[in-house]
Amino acid sequence: MISFSFDGKVYTAQEGDTLAAALLRNGIGLVGRSFKYHRPRGIMTAGVEEPNALVTVGEGGRTEPNTRATDVFVYEGLVAKSQNRWPNLSFDIGSVFGLAAPALSAGFYYKTFFGSAKKWMFYEYFIRKAAGLGNAPTSSDPDRFSQRAAFCDVLVVGAGPAGMQAALEAAESGKRVILVEQDNILGPSLIRDGQEQDADWINATAARIRAANGLILTRTTASGYWEHDLVTLTQRLSEPGQVPQNNVAQRLWHVRAGQVILATGSIERPMAFAHNDRPGVMLSQAVRSYVRRFGVVPGKRVVIATNNDDAYKTAQALKEAGAQIVAVLDARPAPAGANSGHRVYNNATPLSTKGARHCLKNVSALVDGATLEWDADLLAVSGGFTPVVHLHMQAGGTLDWNADAQAFVPAASRQNVTTIGGAAEPQPIFKMASVAKPKKSFIDFQNDVTLSDVDLAWAEGYRSVEHLKRYTTLGMATDQGKLSNMAALGRLAEKQGVAIPEAGLTTFRPPYTPVTMGLLAGAGAKDAGAHVRRLALYDLHAAKNPIWQPLGYWFRPRAYPISGESLAQAALREAKAVRNNVGMTDVSTLAKFEVSGPDAAAFLEIICATTVSKLAVGRGRYTFMLREDGFVFDDGTVWRLDENRYLLTSSTGGADRMATHISYVRQYLCPHLRVSAVNVQEHYAGIAIAGPKAKAVLTTLIGEEPPRHMSTVPAVIAGVPVIILAASYSGERAFEIYIAASEAATVWAACEAEVMHIDGALYGLEAMEFLRIEKGHLVVGGEVDGRMTPHDLALDKMLNKAGGYIGASGLARPALAETGRRQLVGLEALEGDIPEGAMLVPNEGASPQGHVSAAAFRIIEGGSVALGQLADGFSRHDEILIASSPTRGQKARVRIVAPHFYDPAGERYRD
Amino acid sequence: MMLIPCPHCGPRAQSEFVYERTVDSVVPLDAPTDEAMTKLFTRNNPRGVDDEIWRHTYGCRAWMVVTRHRVTNEISECRAIGPEALP
């Protein structure tokens, strides 16, 4: 015996029970309240198609709302709660919506809550509270979700008799087989329908499949069929809310199959009649499952309504279990059911039900034109069978109409997939007459859509099945219309006066049953959501306990605070050290490419919009790159290391993009060039040393006169070969030292000793930002925001006059030369501090004419300065504007100036 | 997820590849402005077979042209490009 709780009360269940079986075993008929009208609902099915019995299972981070009670197996200590009711299940205030049902018909929200968006926001709050499903847990899931890839020759979906037989044959013919079954036992339909000895066949067959190296996965749903025979499986290793044994709650399989066999069976259809949603109205096969598989008899006095032979098996099972079959309502004319031994009424269709204490009490039916009534506590209905064609359709297949079964069956397949068994050949049924009284005749139980809603949508002009679906929300609940779509389609076809196949179908989309988001994330959740790359010098930085900042894939030190400094204090101290003395920083993350070969210069002049070929060996220059449409997309420096060997640097954040771009140009556009372009971003670590004393530090380090500004030499520091680039981002005389990453720590230590010897400082990204803003240097992602041309950034004088670079033809578009474009400017605060991201306006409330892309302070003198983009900014120097940021609640009066606040002539680069 | 027959590595999952663009929308280096802009902004979107440039980024890193039916995803050809594939 297993104990579990439902709505706080403890019950017992048998081993192997689903929660639904356990609830029925304990005589609980009322399990939930419906989505819209809060109508009392019970258990209708015994499978994943269950629309009514949705419960919240588990506690804390393991809480799983909207779990079908038919799709969770009871374990010791299971905690389940009913949903969508207040204050409790049997007395629910929301059920007054049911009284207002005529007003809440199809399109109610569209018709009622139009008007301003504000009004809707107000209404929505109350609607969301009243309608809906369970509540999502607020704490994070403590369990892990794993993912696995697999390959097989034959994937069989569904372990019914057909599926097991197919898997057996494939496995014993030497094929690699995977057999999946969403239930926790094999052959659940055979247990429901077969003889006692069939259990032995199931066990023997499973053993033979395993002996032939077949893999059998139970509690595993083939949830999606994708391109080229890839099928995703969702495997439950623990039940909803259960503590998993090996810490892994679920596993997502990506199975690439040579061939897929679908033995997915069919889903029984309900019938449409008034109050057909009452607890006590169940599907016939579901009743049979509870009786024969679980040993639970869901009613004592039973009426059966059917249009086929299958329901007689249910009548027989119930009778054997001791229930009384009050009547069998067979829609077919005599002699159908004549020899069944039950009291059969032919030409009989159910009309309505009555209830007491939320459960079924009375069934009425139309029999040969007369209305008859029976007292009953269970009504088992069978309206036919809908083949489960979801995977076949997801794979791009087509359907045929099977008139005998009144059902769609798989026809042509686009992929290597075949359907067998009940899904291919559903049982024949009798086509029933149109329902005359559509009110309260539910077809979509989960979204509370009735036949009269379909009628209303039709009357209001909704003709297409896709429109009908969206207007009535039919088939849009978590069950995705597994029970409802065929009923709606039938009604629509009737209205259109066409056969069902002509009424059209909605699209079958994965997943077949709901999938937990955590499973799709797998291990890539929380801190593993994005990968982190560590700097080669990570340990050296971490020992100094810096403030870290993400940049590209990396975390880089933002500042190195000492003795309780704030970020701003530390950054200002570091920046002052660079301006007055010397500072050093790690620049390893910059994108770096080594381009070599006889055509290296020609190749670089395609990538870069500036000239390259005129560079002398040992010299370098600033450069920038354009997109094909003429906008600047990155910048950096290019250095001629040797006759046919260049080093190109570009931004950290754009590194991958630049690597792809260079590769595309080389491989696709210029395969004929004699050039090799290698990404050496992580091969080299980089250290920048900047400040008035940087040259002295370098001289000591390399034992010779360092190169002049924009020159490069190879050198040796602490016995390690390095490349020295005399380049500056800070505005001071500066050097970048590139070292093989594996040797970086040695060189860093040597540099740090020299820098600290003369009381220099380490500096981080924040100080670097202060320095480069003051100097007016650009940053990709800031000033270079994908909307700026070289002209907008005042770079046009550097363009290669000969053209031939990527983006040259895009740049020639006349619109890019028109007035009114935003252009790079400097901003100097007259009052207040300039807020970053602020808009530039002539007066409060005016339309923005530009924006602030980066703001900082003058490092030595103080005072707020910024870089911005302003319409026609080049010709508006000395104008006064307001930099206003309503989101930050800050503003400043600013003067437009040239974007160089420090050493505009570049005198500090000279020795 | 498609199975793309990389000419260097054999059939591999689509997740190893990155899509670049269709062959139609390649802007030749010497294209005049009008042609370049047409290539970039007025692209074909055929309901049928198209030649697409993909890169086996998380594999051999090579570029290739994949001939794919854009409705059925049927891949009829996948050919290598780049200096090594020059005639």
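**View 1. Packing of helices H17 and H22 in chain A of the predicted model.** Helix H17 (residues 567-580) of chain A packs against helix H22 (residues 765-775) of chain A at an angle of about 55°, and their axes lie 8 Å apart. Helices are DSSP runs of H or I with at least four residues, numbered from the N terminus. Axes are lines fitted to C-alpha atoms over the stretch in contact, and angles run from 0 to 180 degrees between N-to-C directions. H17(A) passes H22(A) in a right-handed crossing (the near helix is turned clockwise from the far one by less than a right angle).

**View 2. Residues between H17(A) and H22(A).** From H17(A) come A:Leu567, A:Ala571, A:Glu574, A:Ala575 and A:Val578. They meet A:Glu766, A:Ala767, A:Phe770 and A:Leu771 in H22(A). Contact means C-beta atoms, placed from the backbone, within 7 Å. By class, this contact has seven nonpolar, no polar and two charged residues (Ala, Val, Leu, Ile, Met, Phe, Trp, Tyr, Cys and Pro are nonpolar; Asp, Glu, Lys and Arg are charged; the others, Gly among them, are polar).

**View 3. Contact of chain B with chain A.** Chain B supplies 21 residues and chain A 20 residues. Helix H1 (residues 33-41) of chain B gives the most to the chain B side, with four residues. That side divides into 16 nonpolar, four polar and one charged. The predictor gives the complex an ipTM of 0.98 and a pTM of 0.90.

**Notes.** Residues are numbered from 1 along each chain as its sequence is written, and chains are lettered from A in the order in which they are written. In this predicted model, local features need pLDDT of at least 70, side-chain atom pairs count only at pLDDT 80 or more, and totals for chains, interfaces and linings use all residues.

Terms used:
Helix = DSSP H or I, 4+ residues; strand = E, 2+ residues; numbered from the N terminus. Contact = placed C-beta atoms within 7 Å.
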